[in-house]
Amino acid sequence: MLALILGDSEMNNLLMLQALKPVANCEPVAFTCPRAALDFLRAHVDRIGVVVTDYDMPGLTGLEVIAAARAVPGFAHVPIVMVTSLDQRSLRHDALRAGATDFLGKPCDPVEIQARITNLMRISAAHRQEQDRTAWLAREVAAAVSVIEAREHEIIALLMRAAEHRDTDTGDHIARVAGYVGVIARNLGFEPAAIQTLKLASTMHDVGKIGVPDSILLKRGPLSADERAEMEKHAERGRRILEGSSSDVVRLAAEIAESHHERWDGTGYPKGLKGETIPLSGRIVAVADVFDALVTERPYKTAWPLNRARAFVADQAGLHFDPRCVEAFLSGWDEVEAHCFESTASGC
């Protein structure tokens, strides 16, 4: 590792270089110009193991050098030694406050220099080893989490593939709904990671339809009262399929499956929740799900034009939908149209 020596006297720097020659794994580099030393420091942050600086120098004082060095990213834990006279107690206090680690007294003693720098270089090396190990552990954890997430996504994809066998449009529908959900969540201020989680969870919103008979699910024309009651069971059925998981995504999906047919005015199902008692995830998916149902052809209806569906969503703010979710949806209308037209099976 490098030992950066900074002093205004070439002779003193030479003496310091000579004293450090016996120190193992130490490559001393000397400067008389503080600004040049700082430029070197910034260019070699990962190689410098210790800094030794005088106080009284032209251009910058030792205190200013220490403060500037501590401001360099990745240099907070590198030892910095200030060379001072033993009677400069107040200066030492200022140096400690600026970020100095240790002191060398004037005149410098080669034995003391070697001992102090050797110890500080060992501390610096140990800290770098710990940083490397921490970085390695972080990479290993990230890799393990990535594998777990990939498996989780695969399981979800397989589950939804099972649902696709019941309804030829399910795959396109869940992809479009996830896209609209992303638009709404982003405009509501969700963080990127939360948006991705919500989008993935939203793909399972209708998983409960696995238990709905084909005669109802694929029926052409309106449902009878009994058929409607059976169809509405898919919300609670979806929650029962998904609840109890240790996965954050699946637990969120259970919440969405149960709540995405609730209405802002309290007339929805299965619980008749009203306003903000409806989970926000369900309120978001409600807008996305209904809009996509309107603009796509279903066995019981033809596809609506985009503008008509947009007007319906706007009119239902405060009735069917959370007004904030409607505003977030309409604010991202260009993205909504893009998601709509991305699907070749869409009736948009």
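Predicted model: local features only at pLDDT ≥ 70, side-chain atom pairs only at ≥ 80, totals over all residues.

Q: Which residue of β4 is the bridge partner of D54?

A: The partner of D54 in β4 is V83.

Q: And which helix packs on the sheet, touching β1, β3 and β4?

A: That's α3, and its direction makes about 180 degrees with that of β4.

Q: Ok, back up a bit. How many strands form the sheet, and in what order?

A: There are 5 strands, in the order β2-β1-β3-β4-β5. The sheet is open and the pairing is parallel.

Q: Which strands stand at the edges?

A: β2 and β5 (102–105) do. Each has a single partner strand, so one side of each is left without a neighbour in the sheet.

Q: What does the twist average from one strand to the next?

A: It averages 20 degrees.

Q: How many bridges pair β1 with β2?

A: β1 and strand β2 (residues 27–31) pair over 5 bridges, in the parallel sense.

Q: Is β1 mostly covered or mostly uncovered?

A: Mostly covered: of the 5 residues in strand β1 (residues 2–6), 5 are buried.

Q: Which of its residues point which way?

A: L2, L4 and L6 point one way from β1, while A3 and I5 point the other way. All of them are buried.

Q: Let's go back to D54. Is D54 buried or exposed?

A: Buried. The relative accessibility of D54 is 10%, and the cut-off for buried is under 20%, so D54 counts as buried. Remember that D54 lies in strand β3.

Q: What is D54 in contact with, leaving aside its neighbours within four places in sequence?

A: The list for D54 is L6, G7, D8, G62, M82, V83 and K106. V83 is also the bridge partner of D54 in β4, and L6 is one of the buried residues of β1.

Q: What separates D54 from D248?

A: Their C-alpha atoms are 56 Å apart, and along the chain D54 and D248 are 194 residues apart.

Q: New topic, helix pairs. At what angle do α3 and α4 pack?

A: Helix α3 (residues 62–70) and helix α4 (residues 89–98) pack at about 15 degrees, and their axes are 9 Å apart. α3 and α4 are therefore roughly parallel to each other.

Q: Is their crossing left-handed or right-handed?

A: The crossing of α3 and α4 is right-handed. On the α3 side the contact is made by L63, I66, A67 and R70, and on the α4 side by L91, D94, A95 and A98.

Q: What's that contact like by class?

A: The contact of α3 with α4 has 6 nonpolar and 2 charged residues, with no polar ones.

Q: Now α10 and α11: how do they pack?

A: Helix α10 (residues 248–259) packs with helix α11 (residues 280–295) at about 60 degrees, with axes 8 Å apart. α10 and α11 are therefore oblique to each other, and α10 passes α11 in a right-handed crossing.

Q: Which residues meet there, and how do they divide by class?

A: From α10 you have L252, E255, I256 and S259, which meet S281, G282 and V285 in α11. The residues of this contact divide into 3 nonpolar, 3 polar and 1 charged.

Definitions and conventions. Residues numbered from 1 in each chain as written. Heavy atoms only, no water. Axes fitted to C-alpha atoms, helices over the stretch in contact; angles between N-to-C directions. Helix = DSSP H or I, 4+ residues; strand = E, 2+ residues; numbered from the N terminus. Parallel < 35°, antiparallel > 145°, perpendicular 65-115°, else oblique. Left-handed = near helix turned anticlockwise from the far one by under 90°. Contact = heavy atoms within 4.5 Å. Nonpolar A, V, L, I, M, F, W, Y, C, P; charged D, E, K, R; others polar. Buried < 20%, exposed > 50% of the residue type's maximum accessible area, 1.4 Å probe, protein only. Pairing = 2+ DSSP bridges.
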